[in-house]
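Hi everyone, thanks for coming. I'd like to walk you through one model today, so please have a look at the screen and follow along with me.

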Amino acid sequence: MAQGPLEDAYMRFLSGEMDAFETIVKELQMPLIHFINRYIGNVSVAEDLAEDVFVEILLHRERYNFRTKLKTYLFTIGRNTAIDYIRKNKRNVPYEVDEEFHSDTRLQASPEEAYLAKEQGDKILELIQTVKGDQGTALYLTLVENLSNDETARVMKKSKKQVENLLFQGKRKIRTLIEKEGILT
């Protein structure tokens, strides 16, 4: 697999550079928290669980084998950590939209266009958050976190075909909601 900047940072981390680990944490901490929050529905718990994921990496640095992107590897651990948390607490974890999620910045021709595009993007993100379960998780990983279908399948422990079906169904739901809300004109 081609190595990107995060994988390079991980190689430096393996050779003892703690600054490289800090780079990884800075790059992936917020996306990981948001991803875990999809399962947990509580930002402070999601932050704690994300921290646990990074501690896991520190303690077992040799487990990452570079066959997948580092982000995919961390999100897989994050998913497993969230599921373990839910099992241990034996409760239904509600899904909710997190206000921190709306930190999208875009370059546009004018401030008005930038504002409208951000507002539209925020609304679409909210709609993605309303899609529950595996469909919502697949949409989040591919549309928000920009993981490929293969990477999403690895994180979710599903086949690529299952992920493609989940995305098809989820996108159909989003399209219906977008039309109903009149978001895109």
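Let's begin with the overall picture: the chain has 8 helices and 0 strands. Please keep in mind that this is a predicted model. Going along the sequence, the pattern reads α-α-α-α-α-α-α-α. The chain has 185 residues, and buried ones make up 44% of them. As for contacts, if we take those between residues at least 6 apart in sequence, 66% join residues at least 24 apart.

Now to helix 1, which covers residues 5-14. Which of its residues are buried? They are L6, E7, A9, Y10 and F13. Looking down the axis of helix 1, you'll find these buried residues within an arc of 155°, so they line one face of the helix.

Just past the end of helix 1 comes G16, with a positive phi of about 110°.

Let's stay with the first of those partners. Helix 1 and helix 2 pack at an angle of about 145°, and their axes are 7 Å apart. Their crossing is left-handed. On the helix 1 side, the contact is made by L6, A9, Y10, R12 and F13, and on the helix 2 side by M18, A20, F21, I24, E27 and L28. By type, the residues of this contact divide into 9 nonpolar, no polar and 2 charged.

While we're on helix 2, let me point out F35, which lies in that helix. Is F35 buried or exposed? It is buried, with a relative accessible area of 0%. If we set aside neighbours within four places in sequence, F35 is in contact with F75, R79, T137, Y140, L141 and V155. Of these, T137, Y140 and L141 fall in helix 6 (133-144), while V155 falls in helix 7 (149-156). F35 and A46 sit 11 residues apart in sequence, with 8.4 Å between their C-alpha atoms.

Next, helix 4, which is mostly covered: 14 of its 20 residues are buried.

Now for a few loop residues. Most residues other than glycine have a negative phi, and here are two that go the other way. F66 has a positive phi, near 65°, and its place is in the loop between helix 3 and helix 4. N146 is not a glycine either, and has a positive phi of about 60°; it lies in the loop between helix 6 and helix 7.

One last stop is S159, in the loop between helix 7 and helix 8 (160-181). S159 counts as partly exposed, at 34% relative accessibility. S159 and N149 are 10 residues apart in sequence, and from C-alpha to C-alpha they are 9.3 Å apart in space.

Note on methods: Residues numbered from 1 in each chain as written. Predicted model: local features only at pLDDT ≥ 70, side-chain atom pairs only at ≥ 80, totals over all residues. Heavy atoms only, no water. Buried < 20%, exposed > 50% of the residue type's maximum accessible area, 1.4 Å probe, protein only. Helix = DSSP H or I, 4+ residues; strand = E, 2+ residues; numbered from the N terminus. Arc of directions from axis to C-beta. Axes fitted to C-alpha atoms, helices over the stretch in contact; angles between N-to-C directions. Left-handed = near helix turned anticlockwise from the far one by under 90°. Contact = heavy atoms within 4.5 Å. Nonpolar A, V, L, I, M, F, W, Y, C, P; charged D, E, K, R; others polar.
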